[in-house]
Amino acid sequence: AARLKNAADAAKEKADADLMRARELVEMAAERDTGEFDEQALNWMREALALAPGDAVIRARYEKMASYTRTIRVPEDVETLEMALADSRDRDRIVLGEGTWEGSFVISAGIELEGVSGKSVLQCVADKGGVLGFSPGVKGARISGLTLRHLSFDAGAERFSLALVRGAEVDFSDCRFEQGSGHGIAVTEGGHAKVARCRFTENGWDGIAVTGAGSLLEAEKKILKGNFQNGIEGWDGAAVILSGN
């Protein structure tokens, strides 16, 4: 009985010490809380939550601070767009500087990717893949100020689109989709794309293609010119809402 009492006392002392340390960490984090993302403050909150996982007040503050937007600048903060995307999470804002970025990029979180209109270019060769893809289930992604293009042309029956919205929800604004081997944007498998003030020129298939039940395109104030098939095409139960294009 004495041994059990000693063990219980030791466990209580440890729990009390952990809670005290957790509260100290919360106070430190609170002093840095300006309503913007702060990696150090969030690390302190993670440690506090690990020490006192059942504390509702600590968890509430952690959830609040974890929701703040984080801005990642490429190449100032991170050298490449691939590195920034690999480290991204929902509500992050990635600011892409002027320049040309080569690769087939995949967005797996609900981020905002912002370029310099007409001066931030994403490109790849046509047989490598699409320039920008979104993982199924992504919600709230926002893309603005980018130019997407293929560096070559693939005349095959199967072609990659410049941007693929497959089962994701994405807003595009003030972007250019140029010389894609396939579609400028393809929306499939229940994807939802909102497109505003974008240009679609000289793409090998449609400027925008929307296919499949549950897929939705909302488009306004776009310019579509010289695409080799249709400006916009929807089929197999997809929905299309157009205004002022």
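Strand β14, residues 192-196, is largely enclosed by the rest of the structure, because 4 of its 5 residues are buried, where buried means under 20% relative accessible area with a 1.4 Å probe, protein chains only. Strands here are DSSP runs of E of at least two residues, and helices are runs of H or I of at least four, numbered from the N terminus.

This is a predicted model, in which local features need pLDDT of at least 70 and side-chain atom pairs count only at pLDDT 80 or more, while totals for chains, interfaces and linings use all residues. Residues are numbered from 1 along each chain as its sequence is written, and side-chain values use heavy atoms, with hydrogens and water left out.

Which strands pair with β14? Strand β11, residues 169-173, pairs with β14 in the parallel sense over 5 bridges, and β14 also runs parallel to strand β17, residues 216-220, joined by 5 bridges. Pairing requires that DSSP finds at least two bridges between two strands. His 192 in β14 is the bridge partner of Glu 169, and Ala 196 stands opposite Glu 220 in β17.

Conventions: Buried < 20%, exposed > 50% of the residue type's maximum accessible area, 1.4 Å probe, protein only.
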